[in-house]
Amino acid sequence: MCDRVDMVSELDNVEKTMSPKKRNIPGKMIWSRQKIMIINIYKDMKLKSPSKPYKEMMVEISNITGIGRNSIVSIISEYKKTGTVTSPNKTRNKKCLFDSIDDLDRNALRQKRKEIPTIDKILHAVNEDPALPDFKHTSLYSLIKKLDFVFTKRKRCSVLTEQEDLLVWRQNYLYDVRKYREEGRTVYYLDETWLNTGDCVDKVSVDQSIRSKHDAFNKGLTTGVTNPTGKGKRLIIGYVKQHNTTYKIDDVKLLLNTAIERVTSENWQNFLQHVKTEEDKMTEVDENMDAIIDNLEPCVLTITGDTSNSDDDLKNKYNNPELLVEGHAIPIKQSMRYLGVEIDIRLSFTKHIQQASRKATDSATAIGRLMPNIGGSSQSKRALLGTVANSKMLYASPTWAVRGTKTAKNRAELARAQRTVALRITRPIGTVSADASSVLASMLPADLLATERARVRVRLDEQADVAPSAVKNQERIISIAAWQVRWDRSNKGRWTYRLLPDVGRWLTKPPRTLTFRLTQVLSGHGCFRSYLKRFNRADDSYCVYCVDPDDTVEHTVFTCPRWLDDRVRMTEIMRRPPNAGDVEEIPCGPLPHDLPEDVQARRRIIRQLETNRVEFIRMVETILSTKEKDEHEEQALRRAQGNVRPP
């Protein structure tokens, strides 16, 4: 008894001398070791007090660990869903130089085009301008490349020029402004928040004896016009940036109104005068360039070639000619890029299709990280994301479709890129062929879609009075018919063809998400021994449940006695065991002419078909999920016994 009293008194003394519990700092990362400790405490509580309420456990764990209750709940939820815990990601997106430069500085960089605009001259002009930030050579080079400038060669000197669309935009702007001023119309300038304190005055008188505003105040003088030190100040944006401390939208609006009221009429007049001066400079430059081009002497183009009849010439069919402009040889390239299209000497567009397909594949791979096979986005969202890759692959397709899709090499290149997109949309195993994946994804083959767009463009140019929607619908019917012929003749995806022989009927099916396991059934690629044996992932093709010599998808879903209980519901609905011939009607529904005219009977049939779809998907999910679980247990047993089949 005495020892117990001494122990209690000792514990009281320890509690008095110990510092208070430390709580986890809000926002501080919780690492995997801490999460494992929380999981262990939770398991111990569940073991000792299984009847204790969940909320009380969360509060008690929070008091023990010093971590917030919401964090405890999220950590335990993560463990229940995934069976493990992970550390938070510490990587942060580094801010790009292009994002840190505002629109005013970007437009100011465009004006630094004097004489031959080399990178060194632009760098010198930008760093000399007090209203612009200082740049290094590499930083400025990267920035102006993102401003749509391109480099050209002129007598071994690197020259920076603007792309054609920017030149046309500037010429149209100058033409419109000059026209409006001649008509006496009022010109309004938008984006007045760019107003700069030092942009409008070129020459000012500055008293060198005044060292600061404090010095001027002591001498009873004024500082006059602000000397643009520190790279200039934006009158409106700078005021908001300086006084914004709460970062609330209402406070920012109030600061913006205050900053606008602080701008005087003299500031606005100087700003407008500066804009007019810059417009006059650009107009003068364009007029001088036009005058120079008009006064250029015509160039003489001389084409020479070898007319020998050697065996090499007969094999190559022709030799490249020699182009001479006033005695200077012009090199001939195998292809050239014009408006984003690679044009080769044979007009086969092979290089363009290769580049477009590579870009589409890269986009599909990047977007695929957002679309896992299990879970993730819905079918409609996956299809929407897939259009990003298709738009890159089919850029300017009316131009190159007719000649570009004639060769089997180009068609295979397009199909390979489109297959990457279709695999992410339909969530199948990665071994599904391009023909089957395009059907499951309801994606018209890329070459047929390109030729369809070419036909639409030709018809719209020739028939101006026809509605574009009618032309597109008519051409789509032709494309689907061509796709059906190709699907009938293909030697790939024959199990999918057996289930879904009619492409047009599959395209008109009701919207239904294809799950990972449902796609395995429709493609025949999945947890089936015959498939695994085909790709050397299993020793034999025997069914592990009924010892059938060929464990195919048809055997698993419709025949194997192991899954008889899972097929009971479908058997009751259909009043017979389901088979492979029922698959097309279950997701696609009946043909329109097979439905009765009575509205009530039609609705009753549609509701019954919806029930059939739900029960069929449930049956597939139950069978394959159980089979995958058994397969994983078998693999774990093999690993434990040391008998692991190499991948």
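**S335 and K351**

I looked up the side chain of S335 and found a polar contact of 3.3 Å with the side chain of K351. The model is predicted, and I read the entries below with that in mind. S335 sits in strand β6, which covers residues 335–338. Leaving aside neighbours within four places in sequence, I listed E342, I343, D344 and K351 as the contacts of S335.

**Confidence**

I then turned to the pLDDT. The chain averages 76, and 73% of the residues score at least 70. I marked residues 191–210, where the pLDDT is below 50; beyond near neighbours in sequence, this stretch has 37 contacts in the model. I also marked residues 216–233, again with pLDDT below 50, and noted 26 contacts there beyond near neighbours in sequence. Where pLDDT is low, predicted coordinates should not be read in detail, so I left those contacts as counts.

**Helix α4**

I compared the length of helix α4 (residues 69–82) with what its residue count implies. At 1.5 Å a residue, its 14 residues should span 20 Å, and the end C-alpha atoms are 20 Å apart, so the two agree. Which residues of α4 are buried? I found I72, I75 and I76. These cover an arc of only 95° around the axis, so they lie on the same side of α4. Residues three or four places apart in an α-helix point the same way, because there are 3.6 residues a turn. The buried residues of α4 pack against α2 (32–48) and α3 (54–65). On the face turned away from the buried side I noted the exposed residues N70, K81 and T82. After α4 comes G83, with a positive phi near 80°.

**Helix α17**

I repeated the check on helix α17 (residues 397–404), where S397, W400, A401 and G404 are buried. Seen down the axis, they fall within an arc of 125°, so they line one face of the helix. What covers the buried residues of α17? The cover includes α15 (350–368), α16 (379–393), α18 (408–426) and α20 (446–462). The face turned away from the buried side carries T399 and V402, both exposed.

**N612**

I placed N612 in helix α29, residues 599–641. Its relative accessibility is 11%, so I counted N612 as buried. Apart from neighbours within four places in sequence, N612 is in contact with M570, I573 and I586.

**Aromatic pairs**

W487 is in helix α21 (residues 468–489) and Y497 in helix α22 (residues 494–499), 10 residues apart. W487 is buried at 2% relative accessible area, whereas Y497 is partly exposed at 24%.

The rings of Y545 and W563 have centres 5.2 Å apart and planes at 75°, so I noted this pair as edge-to-face too. Both residues are in loops: Y545 between α25 (529–534) and α26 (553–559), W563 between α26 and α27 (568–574), with 18 residues from one to the other. Y545 counts as partly exposed at 27% relative accessibility, and W563 as buried at 1%.

Note on methods. Residues numbered from 1 in each chain as written. Heavy atoms only, no water. Helix = DSSP H or I, 4+ residues; strand = E, 2+ residues; numbered from the N terminus. Polar contact = N/O pair within 3.5 Å; in protein donor to acceptor, adjacent residues only side chain to side chain. Contact = heavy atoms within 4.5 Å. Expected span 1.5 Å × (residues − 1). Buried < 20%, exposed > 50% of the residue type's maximum accessible area, 1.4 Å probe, protein only. Arc of directions from axis to C-beta. pLDDT = per-residue confidence, 0-100. Phe/Tyr/Trp six-rings, centres within 6.5 Å; stacked < 30°, edge-to-face > 60°.
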